[in-house]
Amino acid sequence: MNLKVTMPLPPPALRGNSRVHWSEKHRVNKAYMELAWVTLREEIVRLSTVLVPFSWPVVAIIYTGYYSSKPLDHDGLIIGMKPFMDALVKLGVITDDSPQIVRQLTALYGGQDERGMERVEVEIREIRAGG
């Protein structure tokens, strides 16, 4: 089973090389996590008649970034998406964001978006036992 959502790119304050004050980073982190929570919740409700339950013991998460200018480094994208992972835990999609639960974490370059619609497409895949 898979869960797919689209998020805006993580704000610069959440990326690994950010030099913002901790209080600003906290504010931005909270706002991005709330946006992730709402986005995930809407998708779960939309799929709830098809995919029940939405609590997976082991998952793979794939982030595909689309950019209108210079792309983020893969590590910057993964660091910036930490609030998204926190929202997955908060919603109960995964019990923890540890390596025992999130067995695969991948960042991909999706290309340049000519329309300027920078975004991250996120796919959460359940990893079934033996697979």
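The largest nonpolar core of this structure has 33 residues, and those with the most contacts inside it are Ile61, Tyr63, Phe84, Val122 and Ile124. Strand 1 (2-7), helix 1 (22-47), strand 2 (59-67), helix 3 (82-91), strand 3 (102-112) and strand 4 (119-126) each supply at least two residues of this core. Helix 1 gives the largest share, seven residues. A nonpolar core here is a set of buried Ala, Val, Leu, Ile, Met, Phe, Trp, Tyr and Cys residues joined through side-chain atoms within 4.5 Å.

This is a predicted model, in which local features need pLDDT of at least 70 and side-chain atom pairs count only at pLDDT 80 or more, while totals for chains, interfaces and linings use all residues. Residues are numbered from 1 along each chain as its sequence is written, and side-chain values use heavy atoms, with hydrogens and water left out.

- Helices (H or I, at least four residues) and strands (E, at least two) are DSSP runs, numbered from the N terminus.
- The buried residues of helix 3 are Pro83, Phe84, Met85, Ala87 and Leu88; buried means under 20% relative accessible area, exposed over 50%, and partly exposed in between (1.4 Å probe, protein chains only).
- Those buried residues pack against strand 1, helix 1, strand 2, helix 2 (74-80), strand 3 and strand 4.
- Phe84 touches Val5, Met7, Ala36, Leu40, Tyr63, Val122 and Ile124, not counting residues up to four places away in sequence; contact means heavy atoms within 4.5 Å.
- Just after helix 3, Gly92 takes a positive phi of about 85°.

**Arg119, a buried charged residue**

- Arg119 is found in strand 4, and it counts as buried because its relative accessibility is 15%.
- Its side chain makes a polar contact with the side chain of Asp113 at 2.5 Å. A polar contact is a pair of N or O atoms within 3.5 Å; within protein, one must be able to donate a hydrogen and the other to accept it, and residues adjacent in sequence count only if both atoms are side-chain atoms.
- The Arg119 side chain also reaches the backbone oxygen of Met117, at 2.9 Å.
- Leaving aside neighbours within four places in sequence, Arg119 is in contact with Thr6, Met7, Pro8, Leu9, Thr64, Gly65, Tyr66 and Asp113.

**Strand 3: Gly111 and Gln112**

- Gly111 sits in strand 3 and counts as buried, at 12% relative accessibility.
- Beyond four places in sequence, Gly111 touches Gly65, Tyr66 and Tyr67.
- Gln112 is also found in strand 3, but it counts as partly exposed, at 39% relative accessibility.
- Gln112 touches Tyr67, Ser68, Ser69 and Pro71, again not counting residues up to four places away in sequence.
- A polar atom of the Gln112 side chain lies 3.1 Å from the backbone oxygen of Ser69, and the side chain of Gln112 makes a polar contact with that of Tyr109 (3.3 Å).
- Gln112 and Pro71 are 41 residues apart in sequence and 8.2 Å apart in space, C-alpha to C-alpha.

**The largest pocket**

- About 240 Å³ of space lies in the largest pocket.
- On a 1 Å grid over the protein atoms alone, a pocket is an open set of points where a 1.4 Å probe fits, with protein on both sides within 12 Å along at least five of seven lines; lining residues have an atom within 4 Å of a point.
- The lining is made of Arg15, Gly16, Asn17, Lys70, Pro71, Leu72, Asp73, Asp75, Gly76 and Ile79.
- These lining residues divide into three nonpolar, three polar and four charged.

**Ser48 as a reference point**

- Ser48 lies in the loop between helix 1 and strand 2 and counts as partly exposed, at 32% relative accessibility.
- Ser48 and Leu3 are 45 residues apart in sequence and 11 Å apart in space, C-alpha to C-alpha.
- The C-alpha atoms of Gly111 and Ser48, 63 residues apart along the chain, are separated by 31 Å.

Notes:
Grid points are joined across faces, edges and corners, and a volume is the space filled by probe spheres set on the points. Ala, Val, Leu, Ile, Met, Phe, Trp, Tyr, Cys and Pro count as nonpolar, Asp, Glu, Lys and Arg as charged, and the others, Gly among them, as polar.
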